[in-house]
Amino acid sequence: IVFCPLICLIITIGNSSIILGLLPFHGYWTCYSIVRTKLLGPFLKLFICVFLPVVLILWVVVGIVGSSIGGVLYGFLSPIFATFDAVGKGKTNVFVHCLYDGTLSTISGSFTVVRDFYDVCFHSYVSLMEDLRQKGPPNEKYYEIRFLYLPPALIAAVLGFIVDFPVISLIALCKSPYMLFKGWRRLFHDLIGREGPFLETICVPFAGLAILLWPLATVGAVLGSMVSSIFLGAYAGVIVYQESSFWFGLCYIIASLSIYDEYSNDVLDMPEGSCFARPKYRQNLKEPISNAGSLSESDSLKPHPPARMDSLTNTRIDLKPLELLEGLFKECRRHGEKMVSERLITSKDIEEAKLTKGSRVIGIGLPAYCLLQTLLRSVNNNRSGILLSDNTEITATNRPKDTFFDWFLNPFLILKEQIKSENLSEEEEGYLGKLVLLCGDPERLKISKIGSPPESDRKRAELDAIARRLQGITKSVSRYPTFRRLFKNLVNILSEDLAKKSNGGTQPIRRSKSALAMIFSNKSFNRNTSNMSDQELQSTIARDIEIA
C-alpha cells in the first residue's frame with residue numbers, strides 16, 4: 001500500500017516520457033524504413049504511411065495505460081512476493097526482513113523496468129527497422145494491395161464479427177459452470193493431497209487465494225473469450241484477401257466456431273470434437289505439426305503426455321528467460337576475456353560496441369559463439385537436449401512452460417541436430433567458432449589462427465549456413481528487453497580488461513579471477529574443467545598471469 005503509488009508513478013512517468021520523447025523519431029524512422037524497403041509495393045507503402053498517425057496515437061494511449069497498469073501490479077505484487085520469500089528462506093530476524101525486503105529492491109527494479117523499456121523502444125526497434133529495410137521480397141514478388149478484394153474482405157470481417165461474437169460468447173457462458181466447479185475440484189484435490197500449487201509450503205497462501213478467487217478467473221475467461229471472438233471473426237477478412245475467395249471467408253466463419261469449441265474442450269479436459277462443422281477455408285491447408293515431434297526423431301524430443309496435466313508431478317527445470325540471459329552473458333564474459341587475451345577481440349571492437357550502432361563481433365558474434373559452444377558440448381556429450389555449462393540438460397519433455405522457450409529452444413534443437421549430422425572434427429569446430437565469432441569477415445578470418453577452413457566447398461558452404469542461422473537466432477535474442485543492459489555491462493568489463501592488459505599493473509588479478517570463474521563451467525574451448533584439481537587450477541592461474 002505504501003510503495004505501490006510510488007512505483008506506479010516511477011514506471012508511468014518514465015515510460016510515458018520515453019513514449020512521447022521517441023514519438024517523432026518513431027514516426028519519421030518508420031516512414032523512412034517503409035519507403036526504403038523492397039518488401040512492400042508502392043500502394044501498400046502509401047496506405048501504411050497514411051494510416052501511420054493512427055497507429056502512433058494508439059501506441060501512445062496503449063503504452064501509457066499499460067505502463068500505469070503494469071506499475072500498479074508490480075508495485076503491489078513485488079513487495080508481497082519478497083515478504084513471503086523472506087519467511088520461506090529461513091532467514092534470521094524474520095520480522096525485519098518482512099518489513100525491509102521488497103522496498104529498495106522494488107524501487108530499483110522499477111528503474112530497471114524503465115531502462116529496459118527504453119532499450120526495447122530504441123535499440124530493438126532500430127534493429128527491426130533495419131531488418132525491414134534489408135529484407136528482400138520472397139520469390140522476387142513484393143507485397144501489394146489488391147484493391148479488388150478489399151470490399152469483400154471488409155464484408156467478410158463484419159459478417160465474422162456478427163456471427164462469432166454472440167455464438168462464442170454463448171459457448172463460453174455455457175461452459176463457465178463446468179470450468180468453475182472443475183477448477184475448484186482440482187484445487188481441493190491438490191490441497192488434500194499436497195500436490196500441484198500446494199506442494200511447497202510457501203505457495204499454500206497463494207493457492208488458498210486461488211481457491212477464493214477462482215470465480216473471478218472464470219469470469220475473466222468468459223470476458224477474454226468474448227473479446228477474442230471479435231478478432232477471431234474479423235480474421236475472415238484476412239482469409240478472403242489471402243485466398244482471393246469470398247466463399248473461403250464464409251467457410252472460415254463456420255470453421256472458427258469449431259476451432260474455438262475444440263480449443264475450449266482441450267483446455268477444460270472435455271471430450272474431444274465439436275458439434276460445429278469445420279469446412280475447408282484455405283486452398284492448401286497444412287496439417288498442424290507438433291513442435292516437439294517435428295524437431296527430431298529422437299525419443300527425448302517426441303511429446304510424451306504426462307499422467308496428470310494439471311499437477312506438478314513431472315519434474316521440470318526451474319529456469320526463467322532472464323536467468324538464461326544472465327547465464328549467457330557470464331559465458332560471454334568468460335570467453336570474451338580469453339578472446340581479448342588472444343587478440344581476437346580488439347580495442348576497435350570494444351569502441352564500436354560502445355556506439356549506438358554497436359559491434360557485430362561483440363554484439364552478435366560473441367553471444368553466438370557461446371551458444372555454439374553449448375551446442376557443441378551437447379553434441380560431444382551425446383545429449384539429446386541442450387546441455388548447459390552447469391550440467392543442466394533442457395529437453396522438450398522437461399523444459400519450462402514459457403513462450404520464450406518455444407521461440408528459441410526449438411530452433412536450437414534443430415540446429416544441434418544439424419551440427420550432429422555434420423560429424424565435425426576439432427579443426428572444423430574451431431573454424432565454425434571463428435566463423436560465428438567474426439561474423440564471416442574475410443580479412444579477420446585470414447589473420448586469426450583458430451581452425452582452418454574445410455577443403456570441401458560443400459562442407460564450407462554448410463558451415464557458413466549454420467553460422468548464419470546461429471547469428472540470426474542470436475540477433476533475435478538481442479532484442480529481448482534485458483539484453484542491452486547486460487550487453488553494456490559486458491562491454492564495460494571487456495573494456496576494463498583490455499585497458500588493464502595494455503597498462504600492465506593490476507591485470508594478473510583480473511586474469512586469476514577469470515580462472516576461478518572457469519570452475520563453474522564444463523567447457524572452455526573444448527576443454528572439460530568440471531573436475532579440475534587444485535594443481536590444474538594453479539597451473540591455469542599461472543598461465544593466465546603469464547598471458548597478461
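Which residues does UniProt list for "transmembrane region"? The unreviewed entry gives residues 6-25, 46-77, 153-174, 195-214 and 220-241; UniProt positions are given in the numbering used here, feature names are shortened, and annotations may be inferred rather than shown by experiment.

Before you click, some ground rules: this is a predicted model, where local features need pLDDT of at least 70 and side-chain atom pairs count only at pLDDT 80 or more, while totals for chains, interfaces and linings use all residues. Residues are numbered from 1 along each chain as its sequence is written, and side-chain values use heavy atoms, with hydrogens and water left out.

Now select residues 46-77. This span is 100% helix and 0% strand, and its end C-alpha atoms lie 45 Å apart. Helices here are DSSP runs (H or I, at least four residues), as are strands (E, at least two), numbered from the N terminus. Next, pick residues 220-241: again 100% helix and 0% strand, with 33 Å between the end C-alpha atoms.

Stay there and show Y241. R146 lies over the face of its ring, 4.6 Å from the ring centre (a charge sits over a ring if NZ of Lys or CZ of Arg is within 6 Å of the ring centre and within 35 degrees of the ring normal).

Next stop: the aromatics. Select F25, Y28, W29, Y32, Y118, F122 and Y125, which ring pairs link into a cluster. Rings of Phe, Tyr and Trp (its six-membered ring) pair if their centres lie within 6.5 Å; planes under 30 degrees apart count as stacked, over 60 as edge-to-face and the rest as tilted. Zoom in on Y28 and Y32, four residues apart in helix α1. Their rings are stacked, 6.3 Å centre to centre with 20° between the planes. Y28 and W29 also have ring centres 6.3 Å apart, but their planes are at 50°, so that pair is tilted.

Finally, colour by pLDDT, the predictor's confidence in each residue, from 0 to 100. The protein's mean is 77. Where pLDDT is low, the predicted coordinates should not be read in detail.
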